[in-house]
Amino acid sequence: SAELVVLTVIGNLESCASRCNERFNRDAVCQCDRRCPQHDDCCDDYEHLCTDEEGPPEPKALLDPEDEIPASYLYSSPSSCQGRCRETYDKHHPCHCNDRCLEFGNCCEDFGNLCGDHEGFSHSSDAITKEELKSISETIYRVDINKAQKKDIVLNSQNQISPAETGNQVDRCPEPLFKYVNEKLFSKPTYAAFINLLNNYQRATGHGEHFSAQQLEEQVVFLREVMKTAVMKELYSFLRHQNRYGSQQEFVEDLKNMWFGLYSRGNEEGDSSGFEHVFSGEVKKGKVTGFHNWIRFYLQEKEGLLDYYSHNYDGPWDSYPDVLAMQFNWDGYYKEVGSVFIGSSPEFEFALYSLCFITRPGKKCHLSLGGYPLAIQTYTWDKTTYGNGKKYIATAYVVSSTQ
């Protein structure tokens, strides 16, 4: 009967059976395309039915295959402005070529060269080049006076594994990662303000976040303290020179929205934010997602809530900040690959992630720190927006420069 056919169709749209890697289907209850892990809207049987099929290659050393998938795997839309200047906005495109992309920081890399001379468009000087990104990242690296010194942190990294072994969930390191941390660092204003924020969240997605007046004030204090630092002053100066912001007040308000604005990764409205995901960490479908901060790692390890298993990448820096990609168990939940800066100040990480999200949203952002190349991957949250269509931060994390 017609009713039976309708029920059969609805049933099919609740499963990934015969739907793996299909295009986004707005009529479906859940999705089976390769972007569904990013948007947290996969069907329950997606991993069982779809991840074993022949598909994109395994993510490389620093990527978490659970919720952090390389942009080249997620997008099949145009990534160039060739033939696209003045086109209508399309949310499925990874970058844009219309007259508002500069405002929202989501222009394609060749926008300035191809579209900058079109009537009504800003000139190509407004498009931020890779060299400019490398220059500002070196400046931020140089002026960070609050980073840890070598004597402040002693690591015991122990066993390194290959990327192919990261899913094995084997504890190869009997000792904690941090042998010693000079906790006087935590009395610095930005560290203290940052640490106050970490316990304001419920780590399980699907449970709405509800902030007290004090917790909301702690967000304001953190932003105020980081904006006092040379790191954030350099970032603001750079972005204002690039015509991204007209005033510091506008910049800070945008940071507050993109980082602390709530959206829903689960069934509960307002259960997540960029800050919670990246710095504090979350648990979704039995796995740790996000959690890319060394201070959070150290404090949880110190409390006996985190068990360091191994690492699969150690950066080339011989001073702090350094980069480490780790495997660990967080109070019963496994993190397959978690990349973190080690010994960085809160404002340093906040600045670099913000820089990359504003100038290269949803892309790999190539930087330079102390003469060594480094890349940061960000993703936008596309389901809901703030302001006039601006995107929240879904995630931000370090990837290797060769990826």
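Which residues have the most contacts inside the largest nonpolar core?

Guide: The model is predicted: local features require pLDDT of at least 70 and side-chain atom pairs pLDDT 80 or more, while totals for chains, interfaces and linings use all residues. Numbering starts from 1 along each chain as its sequence is written, and side-chain values rest on heavy atoms, without hydrogens or water.

The largest nonpolar core has 85 residues, and Phe 222, Phe 251, Trp 259, Trp 294 and Phe 341 have the most contacts inside it. Helix α14 (residues 346-359) supplies the largest share of this core, nine residues. Such a core joins buried Ala, Val, Leu, Ile, Met, Phe, Trp, Tyr and Cys residues through side-chain atoms within 4.5 Å. Buried denotes under 20% relative accessible area, exposed over 50%, and partly exposed the range in between (1.4 Å probe, protein chains only). Helices (H or I, at least four residues) and strands (E, at least two) are DSSP runs numbered from the N terminus.

Setting aside residues up to four places away in sequence, Phe 251 touches Met 227, Met 232, Leu 235, Tyr 236, Leu 239, Tyr 245 and Ile 358, contact being heavy atoms within 4.5 Å. A second, separate core of nine residues includes Cys 20, Cys 30, Cys 42 and Tyr 46.

Aromatic rings deserve attention here. Ring pairs link a cluster whose members include Phe 222, Trp 259 and Phe 341, three residues also named among those with the most contacts in the largest core. Other members of this cluster include Phe 194, Tyr 201, Phe 211, Phe 348 and Tyr 353. Phe, Tyr and Trp rings (for Trp, the six-membered one) pair if their centres lie within 6.5 Å; planes under 30 degrees apart are stacked, over 60 edge-to-face, and the rest tilted. The count comes to 32 aromatic pairs. One of them joins Phe 178 and Tyr 298, with centres 5.5 Å apart and planes at 75 degrees, so this pair is edge-to-face. Because Phe 178 belongs to strand β2 and Tyr 298 to helix α13, the pair ties together parts 120 residues apart in sequence. Phe 178 is buried at 7% relative accessible area, and Tyr 298 is likewise buried at 10%. The rings of Tyr 263 and Tyr 392 also have centres 5.5 Å apart, but their planes stand at 45 degrees, so this pair is tilted. Tyr 263 lies in the loop between α11 (248-260) and α12 (274-280) and Tyr 392 in strand β10 (residues 390-399), so parts 129 residues apart in sequence are tied together. Both Tyr 263 and Tyr 392 are buried.

Burial is also found for a polar residue, Asn 200, which has 12% relative accessibility. Asn 200 sits in the loop between α8 and α9 (213-227). Beyond its neighbours within four places in sequence, Asn 200 is in contact with Glu 209, Phe 211, Gln 215 and Glu 218; Phe 211 is one of the residues of the aromatic cluster.

Turning to charged side chains, the whole structure holds eight salt bridges, each a side-chain nitrogen of Lys or Arg within 4 Å of a carboxyl oxygen of Asp or Glu. Glu 183 and Lys 302 form one of them, at 2.6 Å, N to O. This pair links distant parts of the chain, 119 residues apart: Glu 183 is in the loop between β2 (178-181) and α8 (189-198), and Lys 302 in helix α13 (residues 294-302). Glu 183 is partly exposed at 34%, whereas Lys 302 is exposed at 53%. Arg 172 and Glu 165 meet at 3.5 Å, N to O; Arg 172 is partly exposed at 21% and Glu 165 at 27%. In the salt bridge between Lys 391 and Asp 382, the closest N and O atoms are 3.1 Å apart; Lys 391 is buried, at 17% relative accessible area.

Phe 291, in the loop between β4 (287-289) and α13, has a positive phi of about 65 degrees although it is not a glycine, and is buried at 1%. Gln 169, in the loop between β1 (153-155) and β2, has a positive phi near 55 degrees. A cis peptide bond, with omega about 5 degrees, joins Tyr 320 and Pro 321; Pro 321 lies in the loop between β5 (306-314) and β6 (322-330).
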